[in-house]
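This briefing is meant to be read with the chain open beside it. Please look through the sequence and the model once before going on to the notes below.

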Amino acid sequence: MKIFLLVLTLLQPAPIGSSNQKFSWDQSAVDLAEAQAFTYTYYPDGSETGIVFPVVTCTGTVSPFTCSTPIPAFTPGVHNITITAKNLAGESDKSAPFVFAFVVTPGKPTNIRIGG
């Protein structure tokens, strides 16, 4: 029986809003190929229905490996997620909740002119 460890390593609460930010976590596995082969699912805001992260990249040379994925769209405000790892043997328990604030900054002003 293999035991998988999933630990979120982001600080809480984290303001998130940039399109280039990612969720990152530590994932234990036999090797990097196994960590990369897992299906990672997130459960937003206490939902019982999970959503599979479409792209997850794991890196490192020894377990636990660092895995990351682009942050999916959220409405502005405070949210939380839990994450699971899944393979053919089943799905792991949910991680501890990670709480973050999703913020949207306004776009830059354009077409500046004198007018009334």
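A residue is called buried when its relative accessible area is under 20%, exposed when that value is over 50%, and partly exposed in between. The model described here is predicted, and its chain contains 1 helix and 10 strands. Of the 116 residues in the chain, 33% count as buried.

**The chain as a whole**

- Followed along the sequence, the elements come in the pattern β-β-β-α-β-β-β-β-β-β-β.

- Strand E10, which covers residues 98-102, has one covered face made up of Phe 98, Phe 100 and Phe 102, while Val 99 and Ala 101 make up its uncovered face.
- Strand E8, residues 77-87, is joined to E10 by 5 bridges, and these two strands run antiparallel.
- Within this pairing, Asn 80 has Val 99 of E10 as its bridge partner.

**His 79 and its surroundings**

- His 79 belongs to strand E8, and because its relative accessible area is 8%, which is under the 20% cut-off, it counts as buried.
- A polar atom of the His 79 side chain lies 2.7 Å from the backbone oxygen of Thr 75.
- Leaving aside residues up to four places away in sequence, His 79 touches Asp 45, Phe 74, Phe 98, Val 99, Phe 100 and Phe 102.
- Pro 97 sits in the loop between strand E9 (90-91) and E10, and with a relative accessible area of 48% Pro 97 is partly exposed.
- Although Pro 97 and His 79 are 18 residues apart in sequence, their C-alpha atoms are 9.7 Å apart in space.

**The nonpolar core**

- In soluble globular proteins, nonpolar side chains tend to be buried together.
- The largest nonpolar core in this model has 20 residues, and those with the most contacts inside it are Phe 23, Trp 25, Tyr 40, Phe 53, Phe 74 and Ile 81.
- At least two residues of this core come from each of strand E3 (22-27), strand E4 (39-44), strand E7 (65-70), E8 and E10.

**The disulfide**

- A disulfide is a covalent bond between the sulfur atoms of two cysteines.
- The structure holds 1 disulfide, and it joins Cys 58 to Cys 67 with an S to S distance of 2.1 Å.
- The torsion about the S-S bond of Cys 58 and Cys 67 is about 105°, and therefore this disulfide is right-handed.

- Asp 45, found in the loop between E4 and strand E5 (51-52), has a phi near 50°, which is a positive value in a residue other than glycine.
- With a relative accessible area of 41%, Asp 45 is partly exposed, and Asp 45 is also one of the residues touched by His 79.
- Asn 111, placed in the segment after E10, likewise is not a glycine and has a positive phi of about 55°.
- Asn 111 counts as exposed because its relative accessibility is 57%, which is over the 50% cut-off.

**A polar contact at Thr 84**

- Thr 84 lies in strand E8, and with a relative accessible area of 1% Thr 84 is buried.
- The side chain of Thr 84 makes a polar contact with the side chain of Glu 91, at a distance of 2.5 Å.

Note on methods. Residues are numbered from 1 along each chain as its sequence is written. This is a predicted model: local features need pLDDT of at least 70, side-chain atom pairs count only at pLDDT 80 or more; totals for chains, interfaces and linings use all residues. Side-chain values use heavy atoms; hydrogens and water are left out. Helices (H or I, at least four residues) and strands (E, at least two) are DSSP runs, numbered from the N terminus. Buried means under 20% relative accessible area, exposed over 50%, partly exposed in between (1.4 Å probe, protein chains only). Two strands pair if DSSP finds at least two bridges between them. A polar contact is a pair of N or O atoms within 3.5 Å; within protein, one must be able to donate a hydrogen and the other to accept it, and residues adjacent in sequence count only if both atoms are side-chain atoms. Contact means heavy atoms within 4.5 Å. A nonpolar core is a set of buried Ala, Val, Leu, Ile, Met, Phe, Trp, Tyr and Cys residues joined through side-chain atoms within 4.5 Å. A disulfide is a pair of cysteine sulfur atoms within 2.5 Å.
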